[in-house]
Amino acid sequence: MAHAVRDRTLDGPHGPLGMRTYAPADGARVGLVWAHGGGFAGGDLDMPEAHWVAGQLADRGIAVVSVDYALAPVPAGWTMPPAGHTRERVHYPVASEEVGFAFGWALSSGLADGPWALGGASAGANLATGAALRLVHTGGPVPALVVLAYPTLQAVQPPADAELRALLAAQPDADRFGADVVRTMYENYLGGPLDAADAYAIPGIATTAQLMGFPPVLMINGEADELRMSGEAFARSLAAAGVAVDAVTERGTQHGHLNRPDEPAASLSIERIAARLSPLA
């Protein structure tokens, strides 16, 4: 199915906010607001995790709004590709609030006739989760589904279990999200200490009471990915709060497989997402 792509700039909650919309040629009955990953400090609308993912879903009849949220400063010692925009780099809560704003805009955009989901990959999954949680607590329109691809949801995540540690030992290039790296990523995103953060910034610390009423979740974790421990822990917290959560591990994957469309697992994950989104209509 063909689709139309359009770059837009909105008057967002923190100044101009860019986004790219993907509209199926035959119209859409369901939509997805999507946030790419990049450790809160990298990524753009052209990376496969944004552009390829959105295009694939639009070809399956799903309208997509890909959000060009503000990035955090690049942490000292990190090397990041240039971002696709030149906005000032900022700390939390700017990006989280921009993703929530984009969801509100999408609801009245006319791009889809039916319900809208909210989701993202890696750090973008964190932003989507925090934005959805804020909507639950403020009484705003809540997504019909939250889609999380290999999310990071805890700044201090559980250590890898024996099975995951064996996978990482066999694939040293996959072992790149240890405790120090993750803590640095979050402190940089927050612009301050972890103990000052709320559950909208670090959803993994949300209590059972705070998670009550959270929308259904589809979570796709990477197999050889230390962030999987964060996702699985959050899935247990959601289940304890009575939230319908479908957490799967995409076998044979490292972190970020949606950025590698040539890998069969990337297309398999697209099919999983489309299979959950399409019936929402």
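Start by selecting helix α2 (residues 94-107), which lies across β1, β2 (15-24), β3, β4 and β5 (116-121) and runs at about 150 degrees to β5. Helices (H or I, at least four residues) and strands (E, at least two) are DSSP runs, numbered from the N terminus. Axes are lines fitted to C-alpha atoms, for helices over the stretch in contact, and angles between N-to-C directions run from 0 to 180 degrees. This is a predicted model, in which local features need pLDDT of at least 70 and side-chain atom pairs count only at pLDDT 80 or more, while totals for chains, interfaces and linings use all residues. Residues are numbered from 1 along each chain as its sequence is written, and side-chain values use heavy atoms, with hydrogens and water left out.

Next, select helix α8 (residues 264-277).

Eight strands form an open sheet in the order β1-β2-β4-β3-β5-β6-β7-β8, with mixed pairing; two strands pair if DSSP finds at least two bridges between them. At the edges are β1 (3-12) and β8 (245-254), each pairing on one side only. From one strand to the next the twist averages 20 degrees.

Within the sheet, pick β3 (residues 31-35) and β4 (residues 63-68), which run parallel and are joined by four bridges. W34 has S66 in β4 as its bridge partner.

Move to β5 and β6, a parallel pair with four bridges. A121 is opposite A149 in β6. Both faces of β6 are covered, with V146 and L148 buried on one side and V147 and A149 buried on the other. Buried means under 20% relative accessible area, exposed over 50%, and partly exposed in between (1.4 Å probe, protein chains only).

Then select helix α1 (residues 51-58), where six of the eight residues are buried. These are W52, V53, A54, G55, L57 and A58. Their cover includes β1, β2, β3, β4 and α8.

Finish at the largest pocket, with a volume of about 460 Å³. A pocket is an open set of points on a 1 Å grid over the protein atoms alone where a 1.4 Å probe fits, with protein on both sides within 12 Å along at least five of seven lines; lining residues have an atom within 4 Å of a point. Of its 25 lining residues, G37, G38, G39, M80 and N259 lie nearest the centre.

Notes. Contact means heavy atoms within 4.5 Å. Grid points are joined across faces, edges and corners, and a volume is the space filled by probe spheres set on the points.
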